[in-house]
Amino acid sequence: MTTDFNEYFKTNKDTWNKKVNIHASSDFYSMDRFKSGETSLNSYELDALGDVTNKSLLHLQCHFGQDTLSWSRMGAKCTGVDLSEEAIKLATNLNQELNLDAKFTCCNVLDTSQYIKEKFDIVFTSYGVIGWLPDLAPWGKMISERLKPGGIFYMVEFHPIVWMFDYLKETPELTYGYQQEEVIYEEYQGTYADPKANITSKEYAWNHGLGEVISALTNAGLSISYLNEFDASPYEIFPGLLKDKNGMFVTKDKLYPLVFAIKATL
């Protein structure tokens, strides 16, 4: 029996639509500092992509566009894609308010090629993105379709090991498979940006091991330049993390990485 992922996507979209205003007003997203010129990008992606002046950049699963607009401020010609209508509406308003030239499209990331025909110098995605996708093969194919020959794909993402834990338990428990095919449903109060927010988050997600990620990209014709794994996360979204001397967050014992990054070319 074929699974109808559309119901899962609809639930996720509803939740993300409700998150937008909460996130936009949260300390996590620091909207005032962003509007005053502070970048929302982190050292991993800034170091990896370097000078983006006049390069066309497609940002997948952009939420309400802070990273997209940060790349735009650096001179890239940006297009952002997201599932949430409310996120795209805010992103478009921010683009106008900041007098930038980014474009935004609302669609399921897997359907990007149906809505956007342009090919890009860079395709970018980051932090908490692939877990919303049931199958990475069409994702890899879409990335290949949207890259110019010689174009760069870069992703920086939370490591699949961290998604093996159930964080809704009082003490996180190792619960989910590293390569689990079954969907994971969670329902909880608040969001990662504001745990006390008056919202019930209802989310369907999937775990993807590094082998699946790499295979989705290479099977679509991309060549992997590197796969890096990092102990430090720029975001304190998991319990029990400690801030290091660089302002990043690490586990107490550093037994497993928190973040990975892949750079690939077409």
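Predicted model: local features only at pLDDT ≥ 70, side-chain atom pairs only at ≥ 80, totals over all residues.
The buried residues of α4 are Gln66, Asp67, Thr68, Leu69, Ser70, Trp71 and Ser72. Just after α4 comes glycine 75. This glycine takes a positive phi of about 105°.

Histidine 63 lies in the loop between β1 (56-60) and α4 (66-73). Its phi is near 55°. That is a positive value in a residue other than glycine. Is histidine 63 buried or exposed? Its relative accessibility is 10%, so histidine 63 counts as buried. The cut-off for buried is under 20%.

Next comes the sheet. Seven strands form an open sheet, in the order β3-β2-β1-β4-β5-β13-β10. The pairing in this sheet is mixed. Two strands stand at the edges, β3 and β10 (223-230). Each has a single partner strand, so one side of each is left without a neighbour in the sheet. Neighbouring strands of this sheet are turned against each other by 15° on average, direction ignored.

Strand β2 (residues 77-82) and strand β3 (residues 103-106) pair in the parallel sense, over four bridges. Valine 81 has its bridge partner in β3, and that partner is threonine 105. A helix takes part here too: β2, α5 and β3 make a right-handed β-α-β unit.

Move on to β1 and β2. They run parallel, and five bridges join them. Leucine 57 stands opposite cysteine 78 in β2. Helix α4 returns at this point, for it packs on the sheet. It touches β1, β2, β3 and β4. The direction of α4 makes about 175° with that of β2. Helix α7 packs on the sheet as well, touching β1, β4 and β5. The direction of α7 makes about 140° with that of β5.

The next pair is β1 and β4. Three bridges link them in the parallel sense. Histidine 59 has phenylalanine 124 as its bridge partner in β4. Why is β4 largely enclosed by the rest of the structure? Strand β4 (residues 120-126) has seven residues, and six of them are buried, so the rest of the structure largely encloses it.

From β4, go on to strand β5 (residues 147-158). Six bridges join β4 to β5, and the two run parallel. Threonine 125 stands opposite methionine 155 in β5. β4, helix α7 (residues 137-146) and β5 make a right-handed β-α-β unit.

α1 and helix α5 (residues 85-97) pack at an angle of about 35°. Their axes are 7 Å apart. On the α1 side, the contact involves Lys13, Asn17, Val20 and Ala24. On the α5 side, these meet Glu85, Glu86, Ala87 and Leu90. The residues of this contact divide into four nonpolar, one polar and three charged.

Follow the chain past α1 to serine 30. This serine is found in the loop between α1 (5-24) and α2 (31-35). Serine 30 has 14% relative accessibility, so it counts as buried.

The last stop is tyrosine 192. Its place is in the loop between β8 (184-189) and β9 (200-205). At 30% relative accessibility, tyrosine 192 counts as partly exposed. Which residues does tyrosine 192 contact, leaving aside its neighbours within four places in sequence? They are Trp16, Lys19, His23, Phe28, Tyr29, His63 and Ile237. One of them, His63, is the histidine from the loop between β1 and α4. With tyrosine 29 there is a side-chain link: a polar contact of 2.5 Å joins the two side chains. Alanine 220 is another matter. Tyrosine 192 and alanine 220 are 28 residues apart in sequence. In space they are 33 Å apart, C-alpha to C-alpha.

Terms used: Residues numbered from 1 in each chain as written. Heavy atoms only, no water. Buried < 20%, exposed > 50% of the residue type's maximum accessible area, 1.4 Å probe, protein only. Axes fitted to C-alpha atoms, helices over the stretch in contact; angles between N-to-C directions. Contact = heavy atoms within 4.5 Å. Nonpolar A, V, L, I, M, F, W, Y, C, P; charged D, E, K, R; others polar. Polar contact = N/O pair within 3.5 Å; in protein donor to acceptor, adjacent residues only side chain to side chain. Pairing = 2+ DSSP bridges. Right-handed = clockwise from strand over helix to strand, strands pointing away.
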